[in-house]
Amino acid sequence: MELNERIRLLRNSLGFTMEKFGSYLGVKRNTVSQWENGINNLSDQVINSIINVNWNGKRVNPEWLRYGQEPMYIEPDNFSLDELLTQRMVDNLEIDIIRLYFGLEPDFRRQLLKHFKDGLYHLDTTPAASTSNIVWEDIPDPADNSIANKKETG
């Protein structure tokens, strides 16, 4: 199978029109058509772009695109938080803490991380609590729906 045929097969396997496929690469529908029909060759830059694009969670195998060696897609590295927690023998309290942490607003999480980072760096010279600029009473409760309602109305 030639490169132009693999491009057509890739596009069809993604369920993309020529226009949509081209939009991921910054080219027009006509350019994709010319590639697929073997009228124009793909430059190394375009081939590298196809390899580096995240095609709705899929990555094209460079060996398949260039030489036709299966598989078409590279299997992504999967990370399972549940699996990690099981491996680390995490208890329910720790899981609840993790859930609450990720329930916090992103800006507040950054502030909280900065607090701990600063505290860890000052541990040998100054008690961590003295470096704190966080008012603990101001920590939003992720389960408190009134916070979300205040944002929507305020």
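Colleague: Leaving aside its neighbours within four places in sequence, which residues is N61 in contact with?

Modeller: The model is a predicted one. In this model N61 is in contact with Q69, E70, P71, M72, Y73 and I74, once neighbours within four places in sequence are set aside.

Colleague: Where is the place of N61, and does N61 count as buried or exposed?

Modeller: N61 sits in the loop between β1 (59-60) and α5. Its relative accessibility is 11%. Because buried means under 20% relative accessible area, N61 counts as buried.

Colleague: Let us turn to the overall layout. What pattern does the protein chain follow along the sequence?

Modeller: The order is α-α-α-α-β-α-β-α-α-α-α, made up of nine helices and two strands. Of the 154 residues of the protein chain, 23% count as buried. As for contacts between residues at least 6 apart in sequence, 43% join residues at least 24 apart. The accessible surface comes to about 11,300 Å², and carbon and sulfur atoms account for 51% of that surface.

Colleague: Which residues of the largest nonpolar core touch the most other members?

Modeller: They are L10, F21, I50, W55, V60 and L65, in a core of 21 residues. At least two residues of this core are supplied by each of α1 (3-14), α2 (18-25), α3 (29-36), α4 (44-52) and α5 (62-67). The largest share, four residues, comes from α4.

Colleague: What does I50 touch, not counting residues up to four places away in sequence?

Modeller: I50 touches I7, L10, F21, L25, L42, W55, V60 and L65.

Colleague: By what is a pair of aromatic rings described?

Modeller: Two quantities describe such a pair: the distance of the centres and the angle of the planes. In this model the count comes to five aromatic pairs. One of them is the tilted pair of F16 and W55, with 6.0 Å centre to centre and 55 degrees between the planes. F16 lies in the loop between α1 and α2 and W55 in the loop between α4 and β1, so this pair ties together parts that are 39 residues apart in sequence.

Colleague: Which kind of pair do Y24 and W55 form?

Modeller: Y24 and W55 form a stacked pair, at 4.9 Å centre to centre and 25 degrees between the planes. Since Y24 lies in helix α2 and W55 in the loop between α4 and β1, the parts tied together are 31 residues apart in sequence. Y24 is partly exposed, with a relative accessible area of 29%, whereas W55 counts as buried at 0% relative accessibility. Ring pairs link F16, F21, Y24 and W55 into a cluster.

Colleague: What lies over the face of Y73, and what sits over the ring of Y101?

Modeller: K58 lies over the face of Y73, 4.9 Å from the ring centre. Over the ring of Y101 sits the charged end of R109, at 5.7 Å from its centre. Y73 has already been mentioned as one of the contacts of N61.

Technical notes
Residues are numbered from 1 along each chain as its sequence is written. This is a predicted model: local features need pLDDT of at least 70, side-chain atom pairs count only at pLDDT 80 or more; totals for chains, interfaces and linings use all residues. Side-chain values use heavy atoms; hydrogens and water are left out. A nonpolar core is a set of buried Ala, Val, Leu, Ile, Met, Phe, Trp, Tyr and Cys residues joined through side-chain atoms within 4.5 Å. Buried means under 20% relative accessible area, exposed over 50%, partly exposed in between (1.4 Å probe, protein chains only). Contact means heavy atoms within 4.5 Å. Rings of Phe, Tyr and Trp (its six-membered ring) pair if their centres lie within 6.5 Å; planes under 30 degrees apart count as stacked, over 60 as edge-to-face and the rest as tilted. A charge sits over a ring if NZ of Lys or CZ of Arg is within 6 Å of the ring centre and within 35 degrees of the ring normal. Accessible areas come from the Shrake-Rupley method with a 1.4 Å probe; for residues, only the protein chains shown count as cover.
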